[in-house]
Amino acid sequence: MAIDFTLSPELEELRIRIRAFVSDVIAPVEAEIEGHGDHEPLGGRDRINKLIELRKQAHAAGIWLPHMPEEWGGMGLGHVELAMVQAEAAKSRYGPWVFNCQAPDEGNMHTLLHWATDEQKEKYLKPLCEGRTWSCFAMTEPEVAGSDPTLIQTHAYEDGDEWVINGHKWFISNARRADFAILVCRTEDDPDIPQAANSAFIIDLPQEGWNDVREVETMHGGTGHSEIVITDLRVHKDQMLGGRGQGHLLGQYRLGPARLAHCMRWIAQAETALDMMVDRSLNRFSHGSLLAEKQGIQWMIADSTMELYQSKLMVLHAASKIDAAATDDSVDFKAEVSMAKHFVANMLNRVIDRAIQVHGALGYSTDTPLAHMYQHARWARFADGADEVHQMRIAQRTINAYTDDGSTRRATGDLPI
Ligand SMILES: Cc1cc2nc3c(=O)[nH]c(=O)nc-3n(C[C@H](O)[C@H](O)[C@H](O)COP(=O)(O)OP(=O)(O)OC[C@H]3O[C@@H](n4cnc5c(N)ncnc54)[C@H](O)[C@@H]3O)c2cc1C
């Protein structure tokens, strides 16, 4: 039974190189952009230019597209190796973007690699990999539950060689900057099963009929999640991505690795919060001793440590299953990704919350990154599958395992214990 958590010397060298790049190259620019210390925050073109310069440096340093195969200019890493890269990259909120492995482009790259025709790959995937374009993924609608894509109302009908699309989307991350969208809409009025009603299209942006009406203000500000009204938007039939009725399948395919990549980045954020929690507890004195010596604080540190450890194991196991599935069709990773996504999202919220508690008023202020991290972490519990939907599926699999095998063992990671 092979369980070995050590990295090969080459990967260890890569990890050290990424860590150094994040702390020595990205972190100072992040501080400049965010206005830490004596700096005024940078906005607009100045901010973009700084980030683009970082991208060029990352590309030159060979830390680029860790999730893509080498023939697409990537580092050709598996998902276990990627976990290490993402967990280092996300120590800075700009890290994944600088290495071109950020949502939603990263998930869109996986999707195009798997579903696009050769022509579509050349036109859309290539420039995305080269960092020359940006993309978005448009599925959620305000009128119906995003948790259930069979309810999607945005509708396309055929007109000669074209499809004509009408509908309404929102929370489309990156839409305002994107050069193209992957749009999921209803094309089949009478499908055999509800999951076969939707198809996906690649939409060049900007385009007549695609109206970006506002950036939705959120609890972490107005940071690029658009509401889109789609009116008589015409696309050539060659712009369909995947086959008719495969939009649901495509969305599910995309979400597996994309969900786990979120978990990898959340682990980095939680680790930062735990480091800060411990650091503060070693430097704050109250009622005769350091916070680190108080049992109430130690419980928070201990709980966070155990939960972070559990998260790392779950992510590594789910990642190893995704890697195994690449060469063995019988391997299914959905259950492990689902459990990891639920657990890590909640762990992240709890650990940041405890770190804020230990920092007191300082944690509530925006003088540390914790407040920002807390605002960002909240969406993790419902986007890319709400907690309750994951719990519903996890429970179904556990009940099925017991009904089939007389044991729930298969549902708990199918591990040899
Ligand atoms: C920051 C951010 C970025 C996003 N980016 C994108 C993007 O780029 N593209 C895109 O298409 N979408 C995006 N989304 C939307 C996101 O995918 C949806 O919010 C998510 O799918 C949930 O859909 P909903 O908001 O309609 O909630 P709903 O589906 O209405 O669910 C609301 C709540 O109802 C409960 N619930 C739902 N179903 C069940 C059930 N079966 N059993 C029990 N409880 C249930 C859960 O508590 C859930 O949280 C983004 C959202 C955020 C916040």
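This is a predicted model: local features need pLDDT of at least 70, side-chain atom pairs count only at pLDDT 80 or more; totals for chains, interfaces and linings use all residues.
In which strand is the place of Asp212? Asp212 belongs to strand E6, which spans residues 210-215. A search of the whole structure returns 28 salt bridges and 1 cavity of 30 Å³ or more.

- Beyond the residues within four places in sequence, the contacts of Asp212 are Ala175, Arg176, Ser226, Glu227 and Ile228.
- Two of these contacts involve polar pairing of side chains: the Asp212 side chain meets that of Arg176 at 3.1 Å and that of Ser226 at 3.0 Å.
- Asp212 and Val229 are separated by 17 residues in sequence, while their C-alpha atoms are 6.6 Å apart in space.

**Glu227 in strand E7**

- Glu227, one of the residues in contact with Asp212, is located in strand E7, residues 225-236.
- Glu227 counts as buried because its relative accessible area, 12%, is under 20%.
- The side chain of Glu227 is joined to the side chain of His168 by a polar contact of 2.7 Å.
- With neighbours up to four places away in sequence left aside, Glu227 is in contact with His168, Lys169 and Trp170, and also with Asn211, Asp212, Val213, Arg214 and Val216.

- Side chains of opposite charge can pair when their charged atoms come close.
- Glu271 and Lys91 form a salt bridge in which the closest N and O atoms are 2.9 Å apart. This pair connects distant parts of the chain, 180 residues apart: Glu271 is in helix H7 (residues 247-283), and Lys91 is in the loop between helix H3 (79-89) and helix H4 (95-98).
- Lys91 has a relative accessibility of 31% and is therefore partly exposed.
- A salt bridge with an N to O distance of 2.6 Å joins the side chains of Arg132 and Glu130. Arg132 is exposed because its relative accessible area of 57% is over 50%, whereas Glu130, at 36%, is partly exposed.
- Asp404 pairs with Arg410 in a further salt bridge, with 3.4 Å between the closest N and O atoms. Asp404 is exposed at 54% relative accessibility, and Arg410 is partly exposed at 36%.
- A network of salt bridges links Glu12, Arg15, Arg19 and Glu88.

**Helix H3 and its cover**

- Helix H3 is mostly covered, with 9 of its 11 residues buried.
- The buried residues are His79, Leu82, Ala83, Met84, Val85, Gln86, Ala87, Glu88 and Ala89.
- The elements covering the buried residues of H3 include helix H1 (9-34), H4, helix H5 (105-115), H7 and helix H8 (295-325).
- An α-helix has 3.6 residues a turn, so residues three or four places apart point the same way.

**The cavity**

- The largest cavity has a volume of about 50 Å³.
- Its lining is formed by Met139, Thr140, Glu141, Val144, Ala145, Gly146, Pro149 and Ile152.
- By class, this lining comprises 5 nonpolar, 2 polar and 1 charged residues.

**Ser289 in strand E10**

- Ser289 is placed in strand E10, residues 289-290.
- Ser289 is counted as buried because its relative accessibility of 16% is under 20%.
- Apart from residues up to four places away in sequence, Ser289 touches Arg284 and Lys294.
- The side chains of Ser289 and Lys294 are joined by a polar contact of 2.8 Å.

Definitions and conventions:
Residues are numbered from 1 along each chain as its sequence is written. Side-chain values use heavy atoms; hydrogens and water are left out. Helices (H or I, at least four residues) and strands (E, at least two) are DSSP runs, numbered from the N terminus. Contact means heavy atoms within 4.5 Å. A polar contact is a pair of N or O atoms within 3.5 Å; within protein, one must be able to donate a hydrogen and the other to accept it, and residues adjacent in sequence count only if both atoms are side-chain atoms. A salt bridge is a side-chain nitrogen of Lys or Arg within 4 Å of a carboxyl oxygen of Asp or Glu. Buried means under 20% relative accessible area, exposed over 50%, partly exposed in between (1.4 Å probe, protein chains only). On a 1 Å grid over the protein atoms alone, a cavity is a set of points where a 1.4 Å probe fits but cannot get out, and a pocket is an open set with protein on both sides within 12 Å along at least five of seven lines; lining residues have an atom within 4 Å of a point. Grid points are joined across faces, edges and corners, and a volume is the space filled by probe spheres set on the points. Ala, Val, Leu, Ile, Met, Phe, Trp, Tyr, Cys and Pro count as nonpolar, Asp, Glu, Lys and Arg as charged, and the others, Gly among them, as polar.
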